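The entries follow in the order I made them.

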Amino acid sequence: MSLGPAGASLDPEQAENFEDMEKQFAVKAVQHMTTYWAILEKMKGSQLRLTKIDDEIYDHFKKDFPEFDATETIDEDQMKSKEGKERWRNFMTVYEKRIDDYNFGTMLRANPKFEYGEKETIFAMRMQFYAIEIARNRQGLNDWVYEQAHT
């Protein structure tokens, strides 16, 4: 969506309803979050495939982010720093034509040990979600959700 050239004034008569757009985004992000949680309650994360190319995403993620520790809390400041944004942008663009909504905003748990919550959730791009959750699932870090739901 373009609002026109930089510095151009926005004509209120021509502007879309941004409030409605924000609400639609929020609804879609929450639906994605609740759907993923419901899946984790029905199937162990270690047995789950999030995409058709999980193996490729996982290998690429390990190569581009070798320091990432899936057991730890995500450093949101580092992730969203100028350098962090550039690293993630380079990682994500590879999937532009391969993963639907690869750069759509979604909710990501900052730490795999906790449920989604106001203080435990960060805003991330869909490919960040996939890369991090695939890594967590491969390491069995989300299996507790299934086990808790079945005790």
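Which helices each supply at least two residues of the lining of the largest pocket? I found helix H3 (76-79) and H4.

**Ground rules.** I noted that this is a predicted model, where local features need pLDDT of at least 70, side-chain atom pairs count only at pLDDT 80 or more, and totals for chains, interfaces and linings use all residues. Residues are numbered from 1 along each chain as its sequence is written, and side-chain values use heavy atoms, with hydrogens and water left out. Helices (H or I, at least four residues) and strands (E, at least two) are DSSP runs numbered from the N terminus.

**Largest pocket.** I read a volume of about 280 Å³ for the largest pocket. Of its 14 lining residues, Glu67, Phe68, Ile74, Asp75 and Gln78 are the closest to the centre. A pocket here is an open set of points on a 1 Å grid over the protein atoms alone, where a 1.4 Å probe fits, with protein on both sides within 12 Å along at least five of seven lines; lining residues have an atom within 4 Å of a point. The volume is the space filled by probe spheres set on the points. H4 gives the most to this lining, with three residues. I sorted the lining of the largest pocket into six nonpolar, three polar and five charged residues. For these classes, Ala, Val, Leu, Ile, Met, Phe, Trp, Tyr, Cys and Pro count as nonpolar, Asp, Glu, Lys and Arg as charged, and the others, Gly among them, as polar.

**Second largest pocket.** I read about 180 Å³ for the second largest pocket. Its lining residues include Lys85, Trp88, Arg89 and Met92, as well as Phe123, Ala124 and Met125. H4 and strand E2 (121-125) each supply at least two residues of this lining, and H4 gives the most, with four. By class, the second largest pocket is lined by six nonpolar, one polar and three charged residues.

**H2 against H4.** I then turned to helix pairs. The axes of H2 (residues 54-64) and H4 (residues 82-93) come within 11 Å and cross at roughly 150°. Axes are lines fitted to C-alpha atoms, for helices over the stretch in contact, and angles run from 0 to 180 degrees between N-to-C directions. H2 and H4 are therefore roughly antiparallel; the term covers angles over 145 degrees, while 65 to 115 counts as roughly perpendicular. Ile57, His60, Phe61 and Asp64 in H2 meet Arg87, Trp88 and Phe91 in H4, contact meaning heavy atoms within 4.5 Å. I counted four nonpolar, one polar and two charged residues in the contact of H2 with H4.

**H4 against H5.** The axes of H4 and H5 (residues 126-138) come within 10 Å and cross at roughly 85°, so H4 and H5 are roughly perpendicular. Trp88, Phe91 and Met92 in H4 meet Met127, Gln128, Ala131 and Ile132 in H5.

**H2 against H5.** The H2 and H5 axes come within 9 Å and cross at roughly 95°, so H2 and H5 are also roughly perpendicular. Among the residues that meet are Ile57, Tyr58 and Phe61 in H2 and Met127, Ala131 and Ile132 in H5. The contact of H2 with H5 has eight nonpolar, no polar and three charged residues.

Key:
Parallel < 35°, antiparallel > 145°, perpendicular 65-115°, else oblique.
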